[in-house]
Amino acid sequence: MISKNTIDTVFETARVEEVIGDFVQLKRAGSNFKGLSPFSNERSPSFMVSPVKQIWKDFSSGKGGNSIAFLMEHEHFTYPEAIRYLAKKYNIEIEETEQTEAEKANVDLKESMFLVSEFAQKYFHDTLLHSDEGKAIGLSYFKERGFSNETIKKFGLGYSPESWDAFSKEALGKGYKLEFLESTGLTIVKDDQKLLDRFRARVMFPIQSMSGRTLGFGGRILTNDKKAAKYLNSPESDIYHKSKVLYGIYQAKQAIAKQNNCFLVEGYTDVIQFNQAGIENVVASSGTALTPDQIRLINRLTKNITVLFDGDAAGLRASIRGIDLILEEGMNVKVCTFPEGDDPDSFARKTSYEDLVAYLETNAKDFIQFKASLLMDDAKNDPVKKADLIREIVVSISKIPDRIQREIYIQECSRIMDISEQVLVSTLAQLVQKDITETGKKLKQEQKAFDVIKSEDEAVTPEKVDILYGLERKIIEILLLYGNVEDEFEDVLMRANEEGDIETVTEKKNYKVYQRIYLSLQEDEVELANPLFREIYNDLINYFHQAENFNMEHYLMQLNQDFAQEVTDILMEDEKVALHNWEAQNIIVKQKNQSISQYVSETILTLRWFLVDKIIEELKGEISPEPSADNSEILSTAMDYYKLINSFSSKLGRVMSRYH
């Protein structure tokens, strides 16, 4: 178990903008950073990171929190694993305390699968470098491919022995459970309970997540066994979904963001060879057809993709289907091919870094130029085929969300294909209209379903702004932002003068904000109505009473997930475009020329006003319309409450006049 001292050091050291910057391309926006949501498909950035508050908020999905919460949400880390990841990132030595049996048993399924995968990666790598079989077969193969020792280490390459169950025996001997060896696909359990290593006699390519976790493997056979697949991948599992991962993304992420471009290739060795040649912003779809999830992974880091193809014409036609998917995501696409007989691996291996960079810059074509040049040979002088080609290109253009970009591509297509822009615009309009119609039908269906849900909700909850909710939320916000700040407040006291009459005396006294709020609510016997706010309020007050200083990171660290989510939402409220005119609803928003004490006093008085007004409304409902009814007691009570409201109004006016 990780010691509290290590956890505290991690929280004090980790910077949320640095942690998230490894996964999302962030751009400065005033005092904050913003980028595309890593949790939803969006084209306009709604993901905010606050270096001052050391928190993040994703307004598209509603998620938020600190750096630990991001890793737990994005990488599906457990809390201890997120701490370990940050400790490794910031070179913090981890202190361990003895783990109980109950804590050991609490490690969940996914974590166990990740641990097995990590063990397998180290086992295959060590076997490659230190066993006679690994060096003779696996290492020799990688050396023949031209991979250096540094490259082999960087990508964690390995070798799985030819023995039927060498890996499985080793893993079981180290205490790893068979159920996790099987669920990760590393071990196959035969009907007779015999164990079989899935990747036996293969060189191994670990497939890592953006954070460097081993998700699965690709294994290449080195014999000429025609019955066996040349490449074999891990099966789908709880931690490995091949349509959602890109080979090399862990090694490439920083270079992609820095270069603002991503080279997309097909195979493992293409990625490795390019990397070794000095071009690190390269990833592979690992032999699978490109998917929207893979494209979105790149989209978090850059808007620009250059697809690299070998010279095989048949393979090119099959691969260009992925270009439309890239365009649909609003990304910029270029395509580069290599001379016939070459692929990215072989070309990078025999070309110097300078020449490779120059070749890519010179030969990377816009997707229209590429598509036209590729398909024109087929069309030649056949008008029907040429018309089909033009229509195919316009279909690709129709996928582009940006209207201006579509217009520019139409002009380019007109020039290349020698056809009038008017015809192309007309064809494009038909395609776009078709898409709009289909989307409209889909939205109508979704709207019907939404209306049903909405009508059910409205039967329970009114649609108008919940003023009490807003005020109670404001109380929590004040405690979070200013709770430990000390300021001067006015106390109204009742005292007897020399003549023995009771008079009102105003006295100024210093309080910490949390003390002032706590005493005010206690005095009025007010308990927050919202259950979640009530729990957070009680938790905050207890924290302030126990802690000498309020540390936001430490406070967030000890919160449960429900509390942490709501607290983050409140802290990031000022980064969000206001959805309601709170001031028109008598919900105070702090102005720059206000003191903290004024802001607190206004908020508490407004809450009191609202609660008293609510009581008056309830009293009105108790008044009997019958002429013979005696409503005098109710009316008297209501008048007392009206006097209170006048008092609140007077106090609010006095508080506000001090600063306005």
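This is a predicted model: local features need pLDDT of at least 70, side-chain atom pairs count only at pLDDT 80 or more; totals for chains, interfaces and linings use all residues.

Biologist: OK, so is N91 buried or exposed?

Modeller: N91 is exposed, because its relative accessibility is 72%. It lies in the loop between α4 and α5, the latter being 101–105.

Biologist: And what's phi of N91 like?

Modeller: Phi of N91 is near 55 degrees, which is a positive value in a residue other than glycine. N260 also has a positive phi, near 55 degrees, and isn't glycine either.

Biologist: Where is N260 found?

Modeller: In the loop between α11 (249–259) and β12 (262–265). N260 has a relative accessible area of 36%, so it is partly exposed.

Biologist: Let's switch to helix packing. At what angle do α3 and α4 cross?

Modeller: Roughly 115 degrees, with the axes coming within 9 Å. Here α3 is residues 67–74 and α4 is residues 79–89. The crossing of the two is right-handed.

Biologist: Which residues make that contact?

Modeller: From α3 you have S67, I68, L71 and M72. On the α4 side, Y79, A82, I83, Y85 and L86 take part.

Biologist: How many of those are nonpolar, polar or charged?

Modeller: The contact of α3 with α4 has 8 nonpolar residues, 1 polar and no charged ones.

Biologist: Now α19 and α20. How do their axes cross?

Modeller: The axes of α19 (residues 383–398) and α20 (residues 403–417) come within 10 Å and cross at roughly 165 degrees. So α19 is roughly antiparallel to α20. Their crossing is right-handed.

Biologist: What does each helix bring to that contact?

Modeller: α19 brings K386, L389, I390, I393, I397 and S398, while α20 brings R406, Y409, I410, C413 and M417. By class, the contact of α19 with α20 has 8 nonpolar, 1 polar and 2 charged residues.

Biologist: Changing topic: how many aromatic pairs does the structure hold?

Modeller: There are 34 aromatic pairs in the structure. One of them is F47 with W56, a stacked pair.

Biologist: What's the geometry of F47 and W56?

Modeller: Centre to centre the F47 and W56 rings are 5.6 Å apart, with 25 degrees between the planes. Both of these residues are buried.

Biologist: Then why do you call F119 and Y123 stacked?

Modeller: Their planes are at 25 degrees, so the pair counts as stacked, the cut-off being under 30 degrees. The ring centres of F119 and Y123 lie 6.3 Å apart.

Biologist: Where does that pair sit along the chain?

Modeller: F119 and Y123 are both in helix α6 (residues 109–130). Because they are 4 residues apart in that helix, about one helical turn separates them.

Biologist: And is F119 buried or exposed?

Modeller: F119 is buried, at 14% relative accessible area. Y123 has 15% relative accessibility, so it counts as buried too.

Biologist: One more on rings: which residues do ring pairs link into a cluster?

Modeller: The cluster links Y141, F142, F147, F155, F205, Y231, Y247 and Y268.

How values were computed. Residues are numbered from 1 along each chain as its sequence is written. Side-chain values use heavy atoms; hydrogens and water are left out. Axes are lines fitted to C-alpha atoms, for helices over the stretch in contact, and angles run from 0 to 180 degrees between N-to-C directions. A crossing is left-handed if the near helix is turned anticlockwise from the far one by less than a right angle, and right-handed if clockwise. Contact means heavy atoms within 4.5 Å. Ala, Val, Leu, Ile, Met, Phe, Trp, Tyr, Cys and Pro count as nonpolar, Asp, Glu, Lys and Arg as charged, and the others, Gly among them, as polar. Rings of Phe, Tyr and Trp (its six-membered ring) pair if their centres lie within 6.5 Å; planes under 30 degrees apart count as stacked, over 60 as edge-to-face and the rest as tilted. Buried means under 20% relative accessible area, exposed over 50%, partly exposed in between (1.4 Å probe, protein chains only). Angles under 35 degrees count as roughly parallel, over 145 as roughly antiparallel, 65 to 115 as roughly perpendicular and the rest as oblique.
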